[in-house]
Amino acid sequence: MKIGIFYDMRNPQQWSVPFPRFYQETLDHMQAMDELGFDAINVTEHHFDDDSYCPSVIAWNAAMAGRTKRAMIGQEILQLPWHHPVRLAEDLATIDILSNGRVWLRTGQGQGDALESGGMGIDPRRRIGRASCRERV
């Protein structure tokens, strides 16, 4: 059996701590999960949420690569319509090298709500095409 953990990076206002502390403590926790033997550590992506849901899974994957030694590093999920495919491939390949081959990719089409799609400047009706490689970005 393999066991993984995922983080959504929420820092809601009623329990909010300063972001430098919140991020450092989260990285400390991720490192501890790696040392305890978890097989995968993942972050999940959303944008423009009031509680600061993780907007940058690639940056978090890079930070995890520097703080962990054995666990696979990934996303639960990366919203493919919001990323340029070539840039995404380059970023993940770089993190895979930094982590000694521990990166994996799990993608989805995202929720398609007006907040995220509008914030990204994308018609929500086009997100499925952008996630399926049938449409140029």
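Start by selecting residues 72-75, strand β3, together with β2 (40-43): the two strands pair in the parallel sense over 4 bridges. Strands are DSSP runs of E with at least two residues, helices are runs of H or I with at least four, and both are numbered from the N terminus. Two strands count as paired if DSSP finds at least two bridges between them. In this pair, V43 stands opposite Q75. Follow the chain from β2 through α2 to β3; this β-α-β crossover is right-handed, which means that, with the strands pointing away from the viewer, the path from the first strand over the helix to the second runs clockwise.

The model is predicted: local features need pLDDT of at least 70, side-chain atom pairs count only at pLDDT 80 or more, and totals for chains, interfaces and linings use all residues. Residues are numbered from 1 along each chain as its sequence is written, and side-chain values use heavy atoms, without hydrogens and water.

Next, select β1, residues 4-7, which runs parallel to β2 and is joined to β2 by 4 bridges. I5 stands opposite I41.

Now show the side chains of β2. A40 and N42 lie on one side, I41 and V43 on the other, and all are buried (under 20% relative accessible area, 1.4 Å probe, protein chains only). In a regular strand the side chains alternate between the two faces of the sheet.

Finally, select M30. Leaving aside residues up to four places away in sequence, M30 touches Y7, M9, I41, V43, W60, M64 and T68; contact means heavy atoms within 4.5 Å.

How values were computed. Buried < 20%, exposed > 50% of the residue type's maximum accessible area, 1.4 Å probe, protein only.
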